[in-house]
Amino acid sequence: MLNVKGVSVRYELIPVLEDVSFAVEEGQFVAIVGANSAGKSTILKTVSGLVSPFEGSIEFLDEQIDKLPPYEIAAKGISHVPEGRRIFDKLTIRENLLVGAHMREDQREVEESLQEMYSLFPILKERESQKGETLSGGERQQLAIARGLMARPRLLMLDEPSLGLSPILSNKVIHTCEEIRRKGTTILIVEQKVTEVLKLVDRGYVLQRGQIILEGKGEELLESDMIRKAYLGL
Amino acid sequence: MAILEAKNLNMYFGELAALKDINLSVEQGEILGLIGPNGAGKTTFFNCITGFLKYSSGEVFFKGRDITGLPPHRVCHLGICRTFQIVQSFHEMTILENVMMGSFCRYPNTKRAMSYAVEILEFTGLADKSDQIVGSLTLADQKRIELARTIATEPEVILLDEVMAGLNPTETEEAIELIKKAHQKGLTIIVVEHVMEVIMNISHRIAVFDSGELLVDGVPEKIVRDERVIQAYLGEEYHA
């Protein structure tokens with residue numbers, strides 16, 4: 001479904017990604033893990049067109065997308081929930097969610113999706129008519145994820161969805177990803193809760209200083225000495 | 001004696017009670033962990049203490065002095081400084097310049113502000129990146145800069161709002177060491193964090209907020225076994 005081939009990215013002259021290649025198959029749940037500054041968020045930004053690769057190509061559903069602007073990539077079915085909870089402060093929670101669905105052709109089903117989001121994140125239902133600016137940090141995070149899902153994407157990319165959530169909620173969000181995948185959405189996730197996420201994913205990639213240094217099934221990676229030492233402090 | 005004390009603090013946003021009659025104090029040299037579900041009022045509590053919000057009623061005392069209603073810059077000058085959960089860096093400026101924004105609070109002279117900021121950058125392990133533009137950094141690095149800028153104001157009390165969110169387990173260990181180092185400098189610390197390994201590791205005492213109320217406070221061992229805390233916040237897996 002998604003094929004990233006030999007992608008290199010530079011911020012000005014600083015290399016951020018070097019010759020990164022990986023694939024995500026339809027229906028898979030795939031994680032990218034690694035230290036901060038390794039380039040994980042940059043991978044997601046490159047796929048969604050916010051950053052242009054310096055070398056390499058990206059294909060989505062057999063079509064080259066690396067030269068397309070972000071809105072065309074989004075229209076092809078890729079939803080990107082960036083790190084940092086960027087919601088619209090002056091819009092209500094409901095309006096924020098509807099923004100996520102504005103490119104959908106099945107507008108009649110949008111109300112149904114809204115109800116799905118409300119059952120996934122009940123606090124959003126409670127706060128439905130409040131402005132985004134009144135939400136707490138954790139509530140913003142839930143809204144950002146739900147807005148990404150409102151697009152009913154083929155591929156959902158989540159950048160640290162558990163950031164700033166209470167233990168109960170953070171567990172719930174990671175397991176919700178599994179549920180979303182079961183319903184047919186392919187997921188590419190960047191997450192620092194390495195142990196929790198690697199238990200659930202089909203495949204994981206370990207990024208270090210802009211390069212993929214290890215890949216494998218989630219459970220296999222958890223067994224890896226390198227991962228245990230470098231990322232789990234074991 | 002309590003270095004910081006909130007008495008009967010109430011904060012309403014329209015009809016919504018974000019804080020209900022909070023009575024909470026922190027002793028000099030103490031590390032107080034503040035936990036609770038998302039939306040429980042933790043950040044609002046920080047906003048009230050530091051003057052970013054005018055609370056509806058109640059009083060705040062710092063070293064016995066009533067600081068109720070003081071604006072943020074006065075509170076900072078007195079010796080209470082905080083970080084922001086949603087980072088508030090100066091994106092176009094370098095790390096050094098960002099930290100100087102803190103040290104200017106004590107050292108109006110640019111040269112002295114700079115040399116103190118450099119000292120803080122060394123203390124926080126950011127010295128080798130000091131000339132990088134903050135906007136180009138990861139969120140985790142930006143959070144570290146928030147902490148550095150806060151310490152650069154030479155505070156007596158610091159309020160840390162999720163400075164460790166987004167760190168992997170190894171990076172979290174490093175951040176814990178940094179907070180312990182700051183504590184050894186004599187700082188009193190209130191820390192809001194969802195990573196329980198951190199809270200349990202560094203807090204002398206933990207206060208739990210739920211729906212704007214102080215649910216319970218006590219030593220960490222007591223808090224993790226409290227049925228109400230498990231139900232509202234930690235989840236069933238914390239049942240021993």
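Predicted model: local features only at pLDDT ≥ 70, side-chain atom pairs only at ≥ 80, totals over all residues.
Chain B contains an open sheet of six strands with mixed pairing, in the order β6-β7-β8-β3-β9-β10. The edges are taken by β6 (80–82) and β10 (213–218) of chain B; each has a single partner strand, so one side of each is left without a neighbour in the sheet. On average, neighbouring strands of this sheet are turned by 20° against each other, direction ignored.

Within β10(B), B:Asp217 is the bridge partner of B:Ala207. Helix α9 (residues 227–234) of chain B packs on the sheet and touches β3 (31–35), β9 and β10 of chain B. The direction of α9 makes about 125° with that of β10(B).

## Packing of α3 and α5 in chain B

Two helices of chain B, α3 (residues 95–103) and α5 (residues 139–151), pack at an angle of about 40°, and their axes are 7 Å apart. The crossing of α3(B) and α5(B) is right-handed.

From α3(B), the residues B:Ile95, B:Asn98, B:Val99, B:Met101 and B:Gly102 take part; they meet B:Ile145, B:Ala148, B:Arg149 and B:Thr150 of α5(B). By class, the residues of this contact of α3(B) with α5(B) are five nonpolar, three polar and one charged.

## The contact between the chains

Between the chains, 26 residues of chain B are in contact with 28 residues of chain A. On the chain B side, α5, α6 (169–184) and α9 each supply at least two residues. Helix α6(B) gives the largest share of that side, four residues. The side of chain B that touches chain A is made up of eleven nonpolar, eleven polar and four charged residues.

## The domains of chain A

Chain A is divided into domain 1 (1–77 + 153–234) and domain 2 (85–152). The C-alpha centres of these two domains of chain A lie 23 Å apart.

Across the boundary, 14 residues of domain 1 of chain A are in contact with ten residues of domain 2 of chain A. On the domain 1 side, the elements that give two or more residues are α2 (70–75), β7 (155–159) and α7 (167–182) of chain A. The largest share of this side, four residues, comes from α7(A). The side of domain 1 that touches domain 2 in chain A has eleven nonpolar and three polar residues, with no charged residues.

Technical notes:
Residues numbered from 1 in each chain as written. Chains lettered and ligands numbered in written order. Pairing = 2+ DSSP bridges. Axes fitted to C-alpha atoms, helices over the stretch in contact; angles between N-to-C directions. Contact = placed C-beta atoms within 7 Å. Left-handed = near helix turned anticlockwise from the far one by under 90°. Nonpolar A, V, L, I, M, F, W, Y, C, P; charged D, E, K, R; others polar. Domains from an automatic or database assignment.
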